[in-house]
Amino acid sequence: MISSSTSSSLSNIPPTPSQPTAPTFSDPPSSPESPSRRIKSSPQLNRWSRARAVRSGRKLIRPVERSADVMTAADSPAILVSDTNNSNGSGNELPLFSDGGEGLAAAKSIYMVSDGTGWTVEHSVTAALGQFEHCLVDRVCPINTHLFSGTVMFLFIFLKIDDVDRLMEVVAQAAKEGAMLVYTLADPSIAESARQACLLWGVTSLDVLSPITEAVASHLGVSPSGLSRWAPGRNSSLGEDYFRRIEAIEFTMKQDDGAFPRNLHQADIVLTGVSRTGKTPLSIYLAQKGYKVANVPIVMNVDLPKMLFEVDPEKVFALTINPVALRSIRRARAKTLGLGDSVMKCNYSEMDYVKQELEFASKIFQQNPIWPVIEVTAKAIEETAAIVLRLYHDRKNRCLMPRISKRY
């Protein structure tokens, strides 16, 4: 918690979304002898930080014989918490963790703050962390991330980030833990408060939303509303797009694994391929984006439904995979189902049969050259979906330049 003078100045920020006035901040506490300016942590944040420290392998400092009135924030950079497990029952404030730990690199934290669902900031951070897999996987530079969202959609949320005081608690906690703060705050005055507070406490921060919002506003010549997508003052989020996605998911679930082939003409996208090429998860992923998807399995010596060859061939997409990878996936699938070795040695997971089935599917694909054949080996669902949607929209809109377009 920051000082009382800071809280009072933040509470008086005028709500002017067009030209927000930057809040006035007091200087950070520089002396442990002034208790009124001492940073105090939120108990909820402390409990979370302690749990994160245990999970990340950081070394917890055990209780020491020292009274709470002697230990201050200046004594140690570690977080101060009330240790209820102290044997003497005094409940002294103790450092939460140290950067030690034998053979373990201290994990660094990234705080993600949003006034909405947190989807944008979370996926932005995840995309950026993808560039550091070479050190994250080896635990050379371990990262802890935590989302502070402004909605009640997340199970572990205890802060509603539409209150500057609560926001300051998060910033102060980030300063204590040495965390980076990444935020998407639609209200310009709140975003400015976060920026100023991070400057005050020396917290590395990044405003994800403001630069692109300002650029779009300049391009359109219109001022932004300053409201998050889930703000009460905005139109209901249960609009046409929402119900279209629900309808698409219901349709896709009913059409899974070749069910009701008579409905294939109603699908936006039809996926086909041999078993375990990822048709179902890809279908569900696309359905969540609002596309009605049907998938039809290809089984050797089993006739495909006639409707598959009667629908518009431009909406049919074929999936193929490397036989070695497919055999490995099928064997793993058999193990998860608890099948014995005798069953696992059946044709389904034998290399010869796998190759024959892929060749059988390949002949069908060659007979239908309009169907694009997508290699899914070592591809994530998102990667395959991006290819499918690019081809789908290119064909639908006859675009000269490959793109995935949506009109707002």
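Analyst: Two strands count as a pair if DSSP finds at least two bridges between them. Keep that rule in mind as we look at this predicted model.

User: What makes E7 and E8 a pair of strands?

Analyst: Let's set the number against the rule. E7 and E8 are joined by 6 bridges, and the rule asks for at least two, so the two strands pair. They run parallel. For one example, look at Thr272, whose bridge partner in E8 is Val296.

User: Why are E8 and E10 called edge strands?

Analyst: Start with the order of the sheet, which is E8-E7-E9-E10. This is an open sheet of 4 strands with parallel pairing. E8 and E10 each pair on one side only, and that is what makes them the edge strands. Neighbouring strands of this sheet are turned against each other by 25° on average, direction ignored. Helix H14 (residues 381-397) packs on this sheet and touches E7, E9 and E10. The direction of H14 makes about 150° with that of E9.

User: What is the order of the strands in the open sheet that holds E3?

Analyst: The order is E4-E3-E5-E6, again with 4 strands and parallel pairing. Its edge strands are E4 (143-148) and E6 (205-207), each of which pairs on one side only. From one strand to the next, the twist averages 15°.

User: How do you know that E5 and E6 pair?

Analyst: Strand E5 (residues 180-184) and E6 share 3 bridges in the parallel sense. Since at least two are needed, they pair. Val182 has Leu206 as its bridge partner in E6.

User: What are the partners of E3, and how many bridges are there?

Analyst: E3 is joined to E4 by 6 bridges and to E5 by 5 bridges. Both pairings are parallel. You can find Val113 opposite Phe148 in E4, and Ile110 opposite Met180 in E5.

User: Why is E3 called mostly covered?

Analyst: Of its 7 residues, 6 are buried. Helix H3 (residues 119-129) lies across E3 (108-114), E4 and E5, and runs at about 150° to E3.

User: Why is Ala179 called buried?

Analyst: Buried means under 20% relative accessible area. Ala179 has 5% relative accessibility, so it counts as buried. You will find Ala179 in the loop between helix H5 (164-177) and E5. Leaving out residues up to four places away in sequence, Ala179 touches Ser109, Tyr111, Ala174, Val203 and Thr204. Ala179 and Thr145 are 34 residues apart in sequence, while their C-alpha atoms are 9.3 Å apart in space.

User: How do you know that Cys135 and Cys141 form a disulfide?

Analyst: The cut-off is a pair of cysteine sulfur atoms within 2.5 Å. In Cys135 and Cys141 the sulfur atoms are 2.0 Å apart, so the pair passes the test. The structure holds 1 disulfide. A disulfide is a covalent bond between the sulfur atoms of two cysteines.

User: What makes the disulfide of Cys135 and Cys141 right-handed?

Analyst: The torsion about its S-S bond is about 65°, and therefore the disulfide of Cys135 and Cys141 is right-handed.

User: Are Cys135, Cys141 and Cys198 buried or exposed, or partly exposed?

Analyst: Cys135 has 9% relative accessibility and counts as buried. Cys141, at 28%, falls between the cut-offs of 20% and 50%, so it counts as partly exposed. Cys198 has 1% relative accessibility and is buried.

User: How do you know that the span of helix H13 agrees with its 17 residues?

Analyst: At 1.5 Å a residue, H13 (residues 351-367) should span 24 Å. Its end C-alpha atoms are 25 Å apart, which agrees.

User: Why do the buried residues of H13 line one face of the helix?

Analyst: The buried residues are Tyr353, Val354, Glu357, Leu358, Ala361, Ile364 and Phe365. Seen down the axis of H13, they fall within an arc of 130°, so they line one face. These residues pack against several elements, including strand E7 (269-274), strand E8 (293-298) and helix H11 (323-336). The face of H13 turned away from the buried side carries the exposed residues Asp352, Lys363, Gln366 and Gln367.

Note on methods
Residues numbered from 1 in each chain as written. Predicted model: local features only at pLDDT ≥ 70, side-chain atom pairs only at ≥ 80, totals over all residues. Heavy atoms only, no water. Axes fitted to C-alpha atoms, helices over the stretch in contact; angles between N-to-C directions. Contact = heavy atoms within 4.5 Å. Expected span 1.5 Å × (residues − 1). Buried < 20%, exposed > 50% of the residue type's maximum accessible area, 1.4 Å probe, protein only. Arc of directions from axis to C-beta.
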